[in-house]
Structures are given as C-alpha cells and as structure tokens.
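Trainee: Could we go through a protein model together, slowly, so that I learn how to read one?

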Amino acid sequence: MKPVSFLLATVLATSGVMLAPSQSVEAAVTGADVLTKLDSLAIRFPDQTYKATMEIYKGGNLRTTMVFSMQMKNLEKQLITFTDPGDVAGMKILMEDRDTIYMYSPEFKKVRRVAAHMQNQGFLGSEFTPEDMVMAKLSDRFDATIDGQAGNETTLTLTPKAGVQSNFSKLEVVIDKTKGGVTKIRYFDGSGTAIREQTRGGWVKVDGTPMPTEITMKNLKTGAETKIKLADVKVNQGVEDDLFSRRTLLR
C-alpha cells in the first residue's frame with residue numbers, strides 16, 4: 001500500500017452537526033442561535049460508536065469498498081480503525097483533540113501526525129478529508145446567517161471566524177425539520193465556486209434522537225462520490241478517555 005493522506009470520517013464526524021430536533025431549531029432566531037443549538041444537540045451523547053462501510057465511486061463505477069469502526073467521545077476525540085480490505089486492515093486514525101490528528105500505518109508500523117497543509121486532501125481516494133473530521137463542531141469555527149427558508153428547509157451560510165484556518169470560503173448548510181437535522185452541506189472554494197456537496201439520508205432515531213446513517217460526499221468538479229453507511233450505532237457506552245491516545249494506535 002502506498003503512503004496516503006487522511007480521512008475524515010466523521011463522519012465525520014458523522015454524528016457531529018447532524019443532530020437537531022426541529023422544534024429546537026425553530027426556536028432559534030439568528031444564524032448563530034441555530035448553529036449553537038445544532039452543536040449543543042450534537043453533544044447530547046457523551047460517546048458514540050458504530051461500524052461503517054465506505055464505498056468509493058469514480059466515473060459512476062464502484063472502485064473500492066472499505067470497512068471501519070468509529071469510537072467518538074464529546075465530538076473532539078475520535079478513533080477510526082479499518083478492518084477491510086486486507087491492504088488497509090489495521091490502519092488507524094486518531095483525533096486526540098481538535099488540533100491533533102495522527103495516523104498509524106500497519107505496513108510501516110509507525111505513527112505520524114497529519115500536517116495542517118495535508119488536511120484538505122482525500123483519504124485513500126475518497127472525497128472525505130481530515131478537515132471534515134475536525135468540523136464535527138461548527139459554532140466555534142464559523143459565523144452563521146440564515147439565508148433562506150422554503151417549505152421544510154432552512155439554509156444557513158457559514159463563513160470562517162477571524163483567525164480560523166479553513167480550506168473553504170463558506171459552507172451552505174440545509175436543515176430539514178421533517179428529518180430533524182442537517183440534510184445537505186455545500187462547500188465553496190476561495191473563488192466562491194461550489195466544489196463539494198455532502199448529503200445525509202437513512203434517518204433513524206437513536207435513543208430518541210434523529211441521526212442519519214447514510215452520508216455521501218460528491219466532488220462537484222469530477223463527479224466522484226464517496227458513500228458511508230453506518231450500522232450498529234450505540235451511544236452512552238462509557239468509552240474511556242484513555243482509548244484516544246497514541247499508545248492505542250500501536251496496539
């Protein structure tokens with residue numbers, strides 16, 4: 001396996017800003033209020049775990065399917081472990097805190113830190129990046145305005161706060177009150193062009209809270225897509241802080 005850059009996953013952060021009961025969103029009156037409520041609802045579970053498959057499509061064809069498990073605590077600690085296929089089995093990604101991401105390569109049996117300039121690069125050919133991983137929480141990274149309401153959908157525009165580094169000039173976040181959370185995110189480059197689009201489906205309730213179990217990231221320039229499907233989602237399992245350390249990567 002060749003050296004690679006890194007993933008999201010997050011699904012990305014996956015459970016991050018996805019959780020938002022409609023009644024709470026409707027009670028907010030400004031973009032900042034909405035974003036703060038999304039984040040506060042996202043951390044209602046002290047920890048989350050799940051298993052996932054990640055399908056990578058190029059030119060409309062399925063190229064690769066990977067399997068991994070995710071363990072997350074308070075959004076800011078994440079551990080991803082790949083189990084299939086064989087050439088990536090044993091690879092691990094650790095977010096020790098929101099500023100520190102490490103990767104363990106079973107091929108070289110080494111841990112290395114993901115450099116900041118590498119955080120906009122896809123992982124193993126996927127459309128997810130390390131920046132997706134650290135964006136599980138948004139209110140402390142972005143300013144928000146409410147830019148539209150149509151039917152069941154409310155659209156927020158997010159721009160990076162002063163001093164926050166981001167590879168995107170803005171995000172457009174769509175909240176669907178019938179789903180109970182964020183259903184779409186569009187990512188814009190420095191010229192204001194939409195370059196990626198994330199969609200969230202397969203909504204289920206986990207301990208009474210709506211959560212998407214299917215996340216698709218599409219490259220709007222190339223048409224390439226990566227789809228992540230979650231299974232065996234569990235919350236409040238008492239995941240220990242000690243799990244999220246470089247020692248764990250070497251086990």
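What follows is a set of questions and answers about this structure.

Mentor: Please keep in mind that this is a predicted model, in which local features need pLDDT of at least 70 and side-chain atom pairs count only at pLDDT 80 or more, while totals for chains, interfaces and linings use all residues. Residues are numbered from 1 along each chain as its sequence is written, and side-chain values use heavy atoms, with hydrogens and water left out.

Trainee: How many helices and strands are there in the protein?

Mentor: Helices (H or I, at least four residues) and strands (E, at least two) are taken as DSSP runs and numbered from the N terminus. Counted in that way, the protein has four helices and 16 strands.

Trainee: What percentage of the 251 residues is buried?

Mentor: A residue is called buried under 20% relative accessible area, exposed over 50%, and partly exposed in between, using a 1.4 Å probe and protein chains only. Among the 251 residues of the protein, the buried share is 52%.

Trainee: Which residues touch the most other members of the largest nonpolar core?

Mentor: A nonpolar core is a set of buried Ala, Val, Leu, Ile, Met, Phe, Trp, Tyr and Cys residues joined through side-chain atoms within 4.5 Å. In soluble globular proteins, nonpolar side chains tend to be buried together. The largest core here has 47 residues, and those touching the most other members are Leu35, Phe68, Phe82, Ile93, Leu158 and Leu171.

Trainee: Is glycine 190 buried or exposed?

Mentor: Glycine 190 is placed in the loop between strand S11 (181–188) and strand S12 (194–201). Lysine 170 is 20 residues away from glycine 190 in sequence, and their C-alpha atoms are 8.4 Å apart in space. Because its relative accessibility is 75%, glycine 190 counts as exposed.

Trainee: Which residue of S16 is the bridge partner of isoleucine 215?

Mentor: Two strands are said to pair if DSSP finds at least two bridges between them. S12 and strand S15 (residues 214–219) run antiparallel and are joined by six bridges, and arginine 200 has isoleucine 215 as its bridge partner in S15. S15 also pairs with S16 in the antiparallel sense, over five bridges. In S16, the partner of isoleucine 215 is isoleucine 228.

Trainee: What is the phi of aspartate 232?

Mentor: Most residues other than glycine have a negative phi, and most peptide bonds are trans. Aspartate 232 lies in strand S16 (residues 225–235), and with a relative accessible area of 42% it is partly exposed. Although aspartate 232 is not a glycine, its phi is positive, at about 55°.

Trainee: Is the peptide bond from aspartate 84 to proline 85 cis or trans?

Mentor: Proline 85 is found in the loop between strand S4 (77–84) and strand S5 (92–97). The bond that leads from aspartate 84 to proline 85 has an omega near 0°, and it is cis.

Trainee: Which side chain of opposite charge is nearest to glutamate 96, and how far away is it?

Mentor: Glutamate 96 has its place in strand S5. Here Lys and Arg count as positive and Asp and Glu as negative, with His and the chain ends not counted, and a salt bridge is a side-chain nitrogen of Lys or Arg within 4 Å of a carboxyl oxygen of Asp or Glu. Glutamate 96 is buried and has no salt bridge, and the nearest side chain of opposite charge belongs to arginine 246, at 4.1 Å.
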